[in-house]
Amino acid sequence: MPTYDPEPFRIKVVEPIKLISPDKRRTAIANAGYNVFTLRAEDIFIDLLTDSGTGAMSHHQWAALMEGDESYAGARSYFELKKAVEDIFGFKHFVPTHQGRAAENIIAAVLVKHGNHIPSNMHFDTTDANIRARGGRPVNLVIEEAFDPANPHPFKGNMDIEKLQAFIEQTGPQNIPMGMITITNNAGGGQPVSMENIKAVATLYHSYGIPFFIDAARYAENAYFIKLREPGYANHTPIEIAREMFSCADGFCMSAKKDAIVNIGGLLALNDDVTFQRISNELILREGFVSYGGLAGRDLSAMAVGLYEGLDEDYLAYRLNQTAYLAGLIREQGIGLIEPPGGHAIYVDAGSLLPHIPHAEFPGQVLAVEMYLEGGIRTCEIGSVMFAHPHPDTGEIIYPKLELVRLAIPRRVYTQSHLSYVAETLGKIAQRAKKLKGYRFTYAPELLRHFTARFEPI
Ligand code: F0G
(Lines give C-alpha, C1' and ligand atoms only; values in the text may rest on other atoms or scores of the structure.)
Protein backbone atom coordinates (compact mmCIF):
# COMPACT_ATOMS: atom_id res chain seq x y z
CA MET A 1 0.00 0.00 0.00
CA PRO A 2 1.53 3.37 -0.97
CA THR A 3 1.72 5.89 1.89
CA TYR A 4 -0.33 9.07 2.06
CA ASP A 5 0.89 12.01 4.13
CA PRO A 6 -1.84 14.04 5.82
CA GLU A 7 -2.74 17.25 4.03
CA PRO A 8 -0.97 20.30 5.54
CA PHE A 9 -4.28 22.22 5.62
CA ARG A 10 -7.83 21.76 6.82
CA ILE A 11 -10.99 22.43 4.84
CA LYS A 12 -12.97 25.59 5.59
CA VAL A 13 -15.24 25.80 2.54
CA VAL A 14 -16.68 22.87 0.57
CA GLU A 15 -18.18 22.56 -2.91
CA PRO A 16 -20.62 19.65 -3.37
CA ILE A 17 -19.95 17.24 -6.26
CA LYS A 18 -22.28 14.57 -7.62
CA LEU A 19 -21.95 11.31 -9.58
CA ILE A 20 -24.79 11.28 -12.13
CA SER A 21 -26.22 7.92 -13.31
CA PRO A 22 -24.48 5.74 -15.94
CA ASP A 23 -27.34 6.45 -18.38
CA LYS A 24 -26.94 10.18 -17.97
CA ARG A 25 -23.17 9.88 -18.41
CA ARG A 26 -23.69 7.96 -21.69
CA THR A 27 -25.99 10.69 -22.99
CA ALA A 28 -23.70 13.48 -21.81
CA ILE A 29 -20.58 12.14 -23.52
CA ALA A 30 -22.43 11.35 -26.77
CA ASN A 31 -23.84 14.91 -26.81
CA ALA A 32 -20.30 16.18 -26.22
CA GLY A 33 -19.11 14.46 -29.42
CA TYR A 34 -17.03 12.08 -27.25
CA ASN A 35 -14.77 14.97 -26.36
CA VAL A 36 -14.40 15.50 -22.59
CA PHE A 37 -13.58 19.19 -23.16
CA THR A 38 -17.17 19.70 -24.35
CA LEU A 39 -18.82 18.11 -21.29
CA ARG A 40 -20.66 20.28 -18.79
CA ALA A 41 -18.53 20.39 -15.62
CA GLU A 42 -21.69 19.80 -13.56
CA ASP A 43 -21.94 16.32 -15.11
CA ILE A 44 -18.48 15.40 -13.79
CA PHE A 45 -17.77 13.76 -10.42
CA ILE A 46 -13.99 14.10 -10.19
CA ASP A 47 -12.33 16.49 -12.60
CA LEU A 48 -8.72 15.65 -13.44
CA LEU A 49 -8.79 17.40 -16.82
CA THR A 50 -6.15 19.84 -15.65
CA ASP A 51 -4.29 21.22 -12.66
CA SER A 52 -4.43 24.64 -14.33
CA GLY A 53 -6.53 27.29 -12.62
CA THR A 54 -8.35 24.56 -10.68
CA GLY A 55 -6.47 24.81 -7.39
CA ALA A 56 -8.05 25.85 -4.10
CA MET A 57 -6.83 29.23 -2.89
CA SER A 58 -5.89 29.66 0.75
CA HIS A 59 -7.65 32.02 3.16
CA HIS A 60 -4.61 34.30 2.82
CA GLN A 61 -5.21 34.48 -0.94
CA TRP A 62 -8.92 35.15 -0.48
CA ALA A 63 -8.05 37.92 1.97
CA ALA A 64 -5.60 39.35 -0.59
CA LEU A 65 -8.38 39.30 -3.22
CA MET A 66 -10.59 41.42 -0.99
CA GLU A 67 -7.76 43.91 -0.55
CA GLY A 68 -6.93 44.12 -4.26
CA ASP A 69 -6.34 47.62 -5.63
CA GLU A 70 -8.29 48.13 -8.86
CA SER A 71 -6.53 51.31 -10.00
CA TYR A 72 -5.92 51.28 -13.76
CA ALA A 73 -2.22 52.11 -13.46
CA GLY A 74 0.33 51.64 -10.70
CA ALA A 75 -2.00 49.74 -8.36
CA ARG A 76 -0.72 48.57 -4.97
CA SER A 77 -1.52 45.01 -6.11
CA TYR A 78 0.95 45.42 -8.99
CA PHE A 79 3.71 46.42 -6.60
CA GLU A 80 2.94 43.45 -4.32
CA LEU A 81 3.34 41.17 -7.31
CA LYS A 82 6.46 42.99 -8.52
CA LYS A 83 8.10 42.48 -5.13
CA ALA A 84 7.37 38.73 -5.16
CA VAL A 85 8.49 38.30 -8.79
CA GLU A 86 11.76 40.15 -8.15
CA ASP A 87 12.39 38.21 -4.95
CA ILE A 88 11.81 34.76 -6.47
CA PHE A 89 12.82 35.12 -10.12
CA GLY A 90 15.15 38.11 -10.09
CA PHE A 91 14.65 39.56 -13.60
CA LYS A 92 14.96 43.25 -14.44
CA HIS A 93 11.54 43.57 -16.14
CA PHE A 94 8.22 41.77 -15.86
CA VAL A 95 4.62 42.08 -16.99
CA PRO A 96 1.53 40.26 -15.77
CA THR A 97 -0.54 38.52 -18.46
CA HIS A 98 -3.97 36.95 -18.21
CA GLN A 99 -2.47 33.45 -18.48
CA GLY A 100 0.55 31.55 -19.77
CA ARG A 101 -0.38 31.44 -23.46
CA ALA A 102 -0.77 35.22 -23.51
CA ALA A 103 2.85 35.50 -22.39
CA GLU A 104 3.79 32.97 -25.11
CA ASN A 105 1.86 34.90 -27.74
CA ILE A 106 3.62 38.13 -26.84
CA ILE A 107 7.12 36.68 -26.77
CA ALA A 108 6.46 34.87 -30.07
CA ALA A 109 5.08 38.07 -31.64
CA VAL A 110 8.20 39.96 -30.60
CA LEU A 111 10.91 37.38 -31.33
CA VAL A 112 9.73 34.71 -33.81
CA LYS A 113 9.90 35.33 -37.57
CA HIS A 114 8.76 33.09 -40.42
CA GLY A 115 11.11 30.10 -40.80
CA ASN A 116 12.72 30.49 -37.35
CA HIS A 117 13.27 27.43 -35.17
CA ILE A 118 12.63 27.34 -31.42
CA PRO A 119 14.21 24.38 -29.61
CA SER A 120 13.06 23.14 -26.19
CA ASN A 121 13.05 19.86 -24.29
CA MET A 122 9.34 19.64 -25.23
CA HIS A 123 6.99 22.50 -25.97
CA PHE A 124 3.52 22.30 -24.48
CA ASP A 125 0.65 22.53 -26.98
CA THR A 126 -0.04 26.25 -26.58
CA THR A 127 3.66 27.15 -26.88
CA ASP A 128 3.95 24.89 -29.90
CA ALA A 129 0.89 26.52 -31.48
CA ASN A 130 1.98 30.09 -30.69
CA ILE A 131 5.31 29.46 -32.43
CA ARG A 132 3.61 27.84 -35.45
CA ALA A 133 1.09 30.68 -35.62
CA ARG A 134 4.03 33.08 -36.25
CA GLY A 135 5.46 30.84 -38.98
CA GLY A 136 8.11 29.34 -36.69
CA ARG A 137 8.97 25.72 -36.09
CA PRO A 138 8.97 24.34 -32.54
CA VAL A 139 11.55 21.58 -32.04
CA ASN A 140 11.60 19.03 -29.20
CA LEU A 141 15.00 17.73 -28.09
CA VAL A 142 14.31 15.93 -24.81
CA ILE A 143 16.55 12.98 -23.82
CA GLU A 144 15.60 9.59 -25.32
CA GLU A 145 14.77 8.18 -21.86
CA ALA A 146 11.66 10.39 -21.91
CA PHE A 147 10.11 8.11 -24.56
CA ASP A 148 10.49 4.95 -22.49
CA PRO A 149 7.61 4.99 -19.97
CA ALA A 150 9.28 2.40 -17.71
CA ASN A 151 12.68 4.09 -17.51
CA PRO A 152 13.15 5.40 -13.92
CA HIS A 153 15.59 8.21 -14.87
CA PRO A 154 15.20 10.88 -12.13
CA PHE A 155 15.22 13.81 -14.59
CA LYS A 156 13.38 12.61 -17.66
CA GLY A 157 12.60 16.21 -18.63
CA ASN A 158 16.27 16.91 -19.38
CA MET A 159 17.34 18.32 -22.71
CA ASP A 160 19.60 16.14 -24.84
CA ILE A 161 22.63 18.45 -24.88
CA GLU A 162 24.34 16.70 -27.81
CA LYS A 163 21.18 16.83 -29.91
CA LEU A 164 20.74 20.50 -29.03
CA GLN A 165 24.29 21.37 -30.06
CA ALA A 166 23.96 19.44 -33.34
CA PHE A 167 20.62 21.15 -33.98
CA ILE A 168 22.02 24.65 -33.43
CA GLU A 169 25.00 23.90 -35.70
CA GLN A 170 22.75 22.54 -38.43
CA THR A 171 20.09 25.28 -38.23
CA GLY A 172 22.44 28.18 -37.62
CA PRO A 173 22.07 30.31 -34.47
CA GLN A 174 20.88 33.25 -36.60
CA ASN A 175 17.67 31.26 -37.26
CA ILE A 176 17.05 30.62 -33.55
CA PRO A 177 15.74 33.84 -31.95
CA MET A 178 15.30 32.12 -28.57
CA GLY A 179 15.88 28.75 -26.96
CA MET A 180 13.53 27.34 -24.34
CA ILE A 181 13.14 24.64 -21.72
CA THR A 182 9.89 23.61 -20.02
CA ILE A 183 10.03 22.89 -16.28
CA THR A 184 8.54 20.45 -15.44
CA ASN A 185 8.09 18.84 -18.85
CA ASN A 186 4.30 18.62 -19.02
CA ALA A 187 4.03 17.15 -22.54
CA GLY A 188 6.50 14.42 -21.56
CA GLY A 189 4.90 13.35 -18.30
CA GLY A 190 5.41 16.22 -15.84
CA GLN A 191 9.04 15.17 -15.58
CA PRO A 192 11.60 17.46 -13.94
CA VAL A 193 14.77 18.96 -15.39
CA SER A 194 17.92 18.84 -13.25
CA MET A 195 19.86 21.94 -12.23
CA GLU A 196 22.89 20.50 -13.98
CA ASN A 197 20.91 20.24 -17.21
CA ILE A 198 19.42 23.74 -16.92
CA LYS A 199 22.95 25.11 -16.49
CA ALA A 200 24.31 23.11 -19.44
CA VAL A 201 21.43 24.28 -21.67
CA ALA A 202 22.00 27.90 -20.63
CA THR A 203 25.74 27.67 -21.32
CA LEU A 204 25.14 26.15 -24.75
CA TYR A 205 22.50 28.69 -25.83
CA HIS A 206 24.65 31.54 -24.56
CA SER A 207 27.77 30.27 -26.34
CA TYR A 208 25.82 30.87 -29.58
CA GLY A 209 24.32 34.17 -28.40
CA ILE A 210 20.80 32.69 -28.22
CA PRO A 211 18.54 34.14 -25.46
CA PHE A 212 17.33 31.43 -23.04
CA PHE A 213 13.70 31.47 -21.87
CA ILE A 214 12.17 29.09 -19.34
CA ASP A 215 8.55 27.93 -19.57
CA ALA A 216 8.08 28.06 -15.81
CA ALA A 217 4.51 26.77 -15.38
CA ARG A 218 5.55 24.18 -12.75
CA TYR A 219 8.87 25.59 -11.62
CA ALA A 220 8.19 25.05 -7.89
CA GLU A 221 7.50 21.33 -8.36
CA ASN A 222 10.66 21.17 -10.47
CA ALA A 223 12.61 22.86 -7.66
CA TYR A 224 11.34 20.32 -5.14
CA PHE A 225 12.30 17.39 -7.40
CA ILE A 226 15.81 18.88 -7.55
CA LYS A 227 15.87 19.00 -3.76
CA LEU A 228 14.74 15.36 -3.51
CA ARG A 229 16.78 13.86 -6.34
CA GLU A 230 19.83 15.91 -7.27
CA PRO A 231 23.01 15.51 -5.23
CA GLY A 232 23.97 18.66 -3.35
CA TYR A 233 20.45 20.16 -3.03
CA ALA A 234 18.97 18.27 -0.06
CA ASN A 235 19.65 21.18 2.29
CA HIS A 236 18.48 23.92 -0.07
CA THR A 237 15.00 25.43 0.24
CA PRO A 238 12.74 25.44 -2.83
CA ILE A 239 13.03 29.22 -3.14
CA GLU A 240 16.84 29.02 -3.14
CA ILE A 241 16.68 26.37 -5.86
CA ALA A 242 14.22 28.48 -7.86
CA ARG A 243 16.53 31.50 -7.66
CA GLU A 244 19.44 29.40 -8.88
CA MET A 245 17.42 27.99 -11.83
CA PHE A 246 16.25 31.41 -13.01
CA SER A 247 19.68 33.02 -12.58
CA CYS A 248 20.77 30.93 -15.63
CA ALA A 249 18.04 32.33 -17.93
CA ASP A 250 17.40 35.55 -19.82
CA GLY A 251 13.69 35.45 -19.16
CA PHE A 252 10.67 33.24 -18.60
CA CYS A 253 7.02 32.90 -19.47
CA MET A 254 4.71 31.33 -16.97
CA SER A 255 1.17 30.23 -16.47
CA ALA A 256 0.51 31.23 -12.85
CA LYS A 257 -2.55 28.94 -12.87
CA LYS A 258 -0.37 26.05 -11.77
CA ASP A 259 2.37 26.64 -9.17
CA ALA A 260 1.15 30.09 -8.13
CA ILE A 261 -2.19 28.41 -7.20
CA VAL A 262 -4.45 31.07 -8.71
CA ASN A 263 -7.49 30.59 -10.91
CA ILE A 264 -6.19 32.98 -13.56
CA GLY A 265 -2.91 34.74 -14.30
CA GLY A 266 0.45 34.60 -16.01
CA LEU A 267 3.85 36.25 -16.07
CA LEU A 268 6.46 37.26 -18.61
CA ALA A 269 9.85 38.47 -17.38
CA LEU A 270 13.24 39.19 -18.89
CA ASN A 271 16.39 41.29 -18.60
CA ASP A 272 16.74 42.82 -22.08
CA ASP A 273 15.62 46.49 -22.21
CA VAL A 274 14.86 46.68 -25.95
CA THR A 275 12.84 43.46 -26.03
CA PHE A 276 10.95 44.61 -22.93
CA GLN A 277 9.96 47.83 -24.70
CA ARG A 278 8.50 45.82 -27.58
CA ILE A 279 6.79 43.45 -25.14
CA SER A 280 5.18 46.42 -23.37
CA ASN A 281 3.77 47.73 -26.65
CA GLU A 282 2.43 44.31 -27.59
CA LEU A 283 0.95 43.86 -24.11
CA ILE A 284 -0.87 47.20 -24.25
CA LEU A 285 -2.25 46.26 -27.67
CA ARG A 286 -3.54 42.82 -26.66
CA GLU A 287 -3.73 42.41 -22.88
CA GLY A 288 -3.86 45.69 -21.01
CA PHE A 289 -1.65 48.29 -19.41
CA VAL A 290 1.77 47.10 -18.18
CA SER A 291 0.74 47.18 -14.53
CA TYR A 292 -2.23 44.80 -14.89
CA GLY A 293 -1.82 42.88 -18.16
CA GLY A 294 -5.38 41.65 -18.59
CA LEU A 295 -6.01 40.86 -14.93
CA ALA A 296 -7.98 42.54 -12.16
CA GLY A 297 -5.90 44.10 -9.39
CA ARG A 298 -7.22 41.46 -6.99
CA ASP A 299 -5.82 38.71 -9.22
CA LEU A 300 -2.36 40.26 -8.98
CA SER A 301 -2.58 40.29 -5.18
CA ALA A 302 -3.70 36.65 -5.00
CA MET A 303 -0.83 35.69 -7.31
CA ALA A 304 1.71 37.52 -5.14
CA VAL A 305 0.61 35.41 -2.13
CA GLY A 306 0.24 32.18 -4.14
CA LEU A 307 3.78 32.37 -5.53
CA TYR A 308 5.11 31.88 -1.99
CA GLU A 309 2.53 29.24 -1.01
CA GLY A 310 3.49 27.21 -4.07
CA LEU A 311 7.10 27.18 -2.86
CA ASP A 312 6.26 26.16 0.73
CA GLU A 313 8.13 22.98 1.63
CA ASP A 314 5.35 21.28 3.59
CA TYR A 315 2.97 21.96 0.73
CA LEU A 316 5.39 20.66 -1.93
CA ALA A 317 6.14 17.49 0.08
CA TYR A 318 2.40 16.78 0.33
CA ARG A 319 1.87 17.66 -3.31
CA LEU A 320 4.46 15.26 -4.71
CA ASN A 321 3.47 12.56 -2.23
CA GLN A 322 -0.15 12.78 -3.40
CA THR A 323 0.92 12.15 -6.99
CA ALA A 324 3.21 9.27 -5.92
CA TYR A 325 0.30 7.75 -3.93
CA LEU A 326 -2.04 7.67 -6.92
CA ALA A 327 0.78 6.28 -9.08
CA GLY A 328 1.36 3.53 -6.50
CA LEU A 329 -2.31 2.45 -6.55
CA ILE A 330 -2.32 2.32 -10.36
CA ARG A 331 1.01 0.49 -10.57
CA GLU A 332 -0.23 -2.15 -8.07
CA GLN A 333 -2.94 -3.10 -10.57
CA GLY A 334 -0.39 -3.72 -13.32
CA ILE A 335 -1.42 -0.69 -15.38
CA GLY A 336 1.44 1.08 -17.20
CA LEU A 337 2.23 4.69 -16.43
CA ILE A 338 5.11 7.04 -17.00
CA GLU A 339 7.68 6.26 -14.35
CA PRO A 340 8.68 7.80 -12.10
CA PRO A 341 5.43 9.76 -11.59
CA GLY A 342 5.65 13.46 -12.40
CA GLY A 343 4.76 16.39 -10.17
CA HIS A 344 1.26 17.45 -11.12
CA ALA A 345 -0.18 14.42 -12.83
CA ILE A 346 -0.11 10.72 -13.56
CA TYR A 347 0.29 9.81 -17.21
CA VAL A 348 -1.32 6.46 -17.91
CA ASP A 349 0.16 4.59 -20.85
CA ALA A 350 -3.00 4.08 -22.92
CA GLY A 351 -0.90 2.68 -25.77
CA SER A 352 0.15 -0.32 -23.67
CA LEU A 353 -3.29 -0.74 -22.09
CA LEU A 354 -4.99 -0.76 -25.52
CA PRO A 355 -2.36 -2.24 -27.89
CA HIS A 356 -5.08 -3.39 -30.33
CA ILE A 357 -6.10 0.25 -31.08
CA PRO A 358 -3.80 2.01 -33.62
CA HIS A 359 -2.62 5.66 -33.28
CA ALA A 360 -5.09 6.71 -35.97
CA GLU A 361 -8.00 5.46 -33.82
CA PHE A 362 -6.86 7.32 -30.70
CA PRO A 363 -6.26 4.88 -27.81
CA GLY A 364 -5.88 7.78 -25.36
CA GLN A 365 -9.25 9.20 -26.36
CA VAL A 366 -10.80 5.77 -25.83
CA LEU A 367 -9.46 5.60 -22.27
CA ALA A 368 -10.49 9.20 -21.49
CA VAL A 369 -14.07 8.46 -22.61
CA GLU A 370 -14.15 5.22 -20.56
CA MET A 371 -12.93 7.01 -17.41
CA TYR A 372 -15.99 9.22 -17.71
CA LEU A 373 -18.41 6.41 -18.52
CA GLU A 374 -17.12 4.15 -15.73
CA GLY A 375 -16.61 6.66 -12.92
CA GLY A 376 -17.68 10.16 -13.93
CA ILE A 377 -13.99 11.12 -14.00
CA ARG A 378 -12.67 13.64 -16.52
CA THR A 379 -9.09 13.17 -17.71
CA CYS A 380 -7.19 14.42 -20.73
CA GLU A 381 -5.78 12.67 -23.78
CA ILE A 382 -2.15 13.57 -24.48
CA GLY A 383 -1.47 11.58 -27.60
CA SER A 384 -2.45 11.57 -31.24
CA VAL A 385 -5.55 13.75 -30.85
CA MET A 386 -3.42 16.48 -29.30
CA PHE A 387 -0.13 16.07 -31.13
CA ALA A 388 -0.40 14.17 -34.45
CA HIS A 389 0.19 16.68 -37.25
CA PRO A 390 1.08 16.71 -40.95
CA HIS A 391 4.77 17.16 -41.76
CA PRO A 392 5.19 20.78 -42.98
CA ASP A 393 7.02 19.65 -46.14
CA THR A 394 5.59 16.23 -47.02
CA GLY A 395 2.08 16.34 -45.49
CA GLU A 396 2.58 12.87 -44.03
CA ILE A 397 0.93 12.47 -40.60
CA ILE A 398 3.51 12.31 -37.81
CA TYR A 399 2.23 10.49 -34.71
CA PRO A 400 3.66 11.11 -31.23
CA LYS A 401 5.70 8.29 -29.71
CA LEU A 402 3.43 7.92 -26.67
CA GLU A 403 -0.35 7.63 -26.34
CA LEU A 404 -1.07 8.93 -22.86
CA VAL A 405 -3.99 9.87 -20.67
CA ARG A 406 -3.20 12.47 -18.07
CA LEU A 407 -4.78 12.42 -14.64
CA ALA A 408 -3.90 15.95 -13.51
CA ILE A 409 -4.35 16.64 -9.82
CA PRO A 410 -5.72 20.08 -8.94
CA ARG A 411 -3.82 21.66 -6.04
CA ARG A 412 -5.31 21.28 -2.53
CA VAL A 413 -8.68 20.09 -3.93
CA TYR A 414 -9.09 16.30 -3.72
CA THR A 415 -8.45 13.98 -0.77
CA GLN A 416 -7.01 10.47 -0.40
CA SER A 417 -10.40 8.78 -0.90
CA HIS A 418 -10.99 10.64 -4.16
CA LEU A 419 -7.65 9.38 -5.46
CA SER A 420 -8.41 5.80 -4.36
CA TYR A 421 -11.69 5.96 -6.27
CA VAL A 422 -9.83 7.14 -9.38
CA ALA A 423 -7.42 4.18 -9.19
CA GLU A 424 -10.31 1.71 -8.67
CA THR A 425 -12.12 3.10 -11.72
CA LEU A 426 -9.03 2.64 -13.86
CA GLY A 427 -8.71 -0.94 -12.59
CA LYS A 428 -12.28 -1.75 -13.69
CA ILE A 429 -11.58 -0.42 -17.18
CA ALA A 430 -8.34 -2.41 -17.44
CA GLN A 431 -10.31 -5.61 -16.86
CA ARG A 432 -12.39 -5.05 -19.99
CA ALA A 433 -9.71 -3.24 -22.04
CA LYS A 434 -9.58 -5.86 -24.83
CA LYS A 435 -13.22 -5.17 -25.76
CA LEU A 436 -12.79 -1.42 -26.26
CA LYS A 437 -12.85 0.12 -29.75
CA GLY A 438 -11.44 3.30 -31.30
CA TYR A 439 -12.84 6.65 -32.44
CA ARG A 440 -12.69 8.73 -35.62
CA PHE A 441 -13.06 12.50 -36.11
CA THR A 442 -16.31 13.96 -37.36
CA TYR A 443 -14.83 17.47 -36.99
CA ALA A 444 -11.27 18.67 -36.34
CA PRO A 445 -9.89 22.23 -36.65
CA GLU A 446 -6.29 22.73 -37.78
CA LEU A 447 -4.74 24.30 -34.67
CA LEU A 448 -5.27 23.01 -31.09
CA ARG A 449 -7.88 20.59 -32.36
CA HIS A 450 -8.26 18.60 -29.15
CA PHE A 451 -10.27 21.42 -27.53
CA THR A 452 -13.15 21.43 -30.01
CA ALA A 453 -12.88 18.24 -32.10
CA ARG A 454 -15.87 15.88 -32.28
CA PHE A 455 -15.68 12.11 -32.62
CA GLU A 456 -17.79 9.03 -33.32
CA PRO A 457 -17.13 5.45 -32.21
CA ILE A 458 -15.75 3.16 -34.93
N1 F0G B 1 3.23 25.89 -20.53
C2 F0G B 1 2.97 24.72 -19.93
C3 F0G B 1 4.07 23.78 -19.58
C4 F0G B 1 1.63 24.40 -19.64
O5 F0G B 1 1.37 23.24 -19.05
C6 F0G B 1 0.61 25.31 -19.98
C7 F0G B 1 -0.78 25.02 -19.71
C8 F0G B 1 0.95 26.52 -20.59
C9 F0G B 1 2.27 26.76 -20.85
C10 F0G B 1 -0.10 27.53 -20.99
O11 F0G B 1 -0.62 28.18 -19.88
O12 F0G B 1 -3.06 27.57 -19.81
O13 F0G B 1 -2.16 29.51 -18.54
O14 F0G B 1 -2.34 29.60 -20.98
N15 F0G B 1 -1.19 23.91 -19.39
C16 F0G B 1 -2.52 23.56 -19.02
C17 F0G B 1 -2.57 22.09 -18.75
C18 F0G B 1 -3.58 24.02 -19.93
O19 F0G B 1 -3.69 21.57 -18.58
O20 F0G B 1 -1.52 21.45 -18.67
P21 F0G B 1 -2.13 28.73 -19.81
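1. Ile261 sits in the loop that runs between β7 (251-255) and β8 (266-270). In this predicted model, the phi angle of Ile261 is positive, at about 50°, even though the residue is not a glycine. Most residues other than glycine have a negative phi. Ile261 counts as buried because its relative accessible area is 1%, and the cut-off for buried is under 20%.

2. Tyr34 is another residue to check for its backbone. Tyr34 is not a glycine, yet its phi is positive, at about 55°. The loop that holds Tyr34 lies between α1 (22-31) and β1 (46-47). Is Tyr34 buried or exposed? With a relative accessibility of 18%, Tyr34 is classed as buried, since the class takes in values under 20%.

3. Two cis peptide bonds deserve a look. Most peptide bonds are trans. The bond from Ile183 to Thr184 is cis, and its omega is near -20°. Thr184 belongs to the loop between β5 (179-182) and α7 (195-207). The bond that joins Glu339 and Pro340 is also cis, with an omega of about -20°. Pro340 is placed in the loop between α12 (313-332) and β9 (345-349).

4. Next comes the ligand. Its surroundings consist of 17 residues, and the closest of these are Thr50, Asp215, Ser255, Lys258 and Arg406. Sorted by class, this shell contains two nonpolar, eight polar and seven charged residues. Which helix gives the most to the shell? Helix α4 (residues 100-111) does, with three residues.

5. For Ser255, a polar side-chain atom is 2.6 Å from a ligand oxygen. For Gly100, the atom concerned is a backbone N or O, and it lies 2.8 Å from an oxygen of the ligand. For Arg218, an N or O atom in the side chain is 2.9 Å from a ligand oxygen. On its own the ligand has 470 Å² of accessible area, and the protein covers 94% of this.

6. Arg218 also has a partner within the protein. Its side chain makes a polar contact of 2.9 Å with the side chain of Asp51. Asp51 is found in the loop between β1 and α2 (59-66). How is Asp51 classed, buried or exposed? Its relative accessible area is 0%, so Asp51 counts as buried under the 20% cut-off.

7. The last point is empty space inside the protein. Rolling a probe the size of a water molecule over the atoms shows where such space is left. How many cavities of 30 Å³ or more are there? The count comes to one. The volume of the largest cavity is about 40 Å³. Its lining is made up of Asn35, Val36, Phe37, Gln365, Cys380, Glu381 and His450. By class, these lining residues divide into three nonpolar, three polar and one charged.

Notes: Residues are numbered from 1 along each chain as its sequence is written. This is a predicted model: local features need pLDDT of at least 70, side-chain atom pairs count only at pLDDT 80 or more; totals for chains, interfaces and linings use all residues. Side-chain values use heavy atoms; hydrogens and water are left out. A residue is near a molecule or strand if one of its heavy atoms lies within 4 Å of it. A polar contact is a pair of N or O atoms within 3.5 Å; within protein, one must be able to donate a hydrogen and the other to accept it, and residues adjacent in sequence count only if both atoms are side-chain atoms. Accessible areas come from the Shrake-Rupley method with a 1.4 Å probe; for residues, only the protein chains shown count as cover. Helices (H or I, at least four residues) and strands (E, at least two) are DSSP runs, numbered from the N terminus. Ala, Val, Leu, Ile, Met, Phe, Trp, Tyr, Cys and Pro count as nonpolar, Asp, Glu, Lys and Arg as charged, and the others, Gly among them, as polar. On a 1 Å grid over the protein atoms alone, a cavity is a set of points where a 1.4 Å probe fits but cannot get out, and a pocket is an open set with protein on both sides within 12 Å along at least five of seven lines; lining residues have an atom within 4 Å of a point. Grid points are joined across faces, edges and corners, and a volume is the space filled by probe spheres set on the points. Buried means under 20% relative accessible area, exposed over 50%, partly exposed in between (1.4 Å probe, protein chains only).
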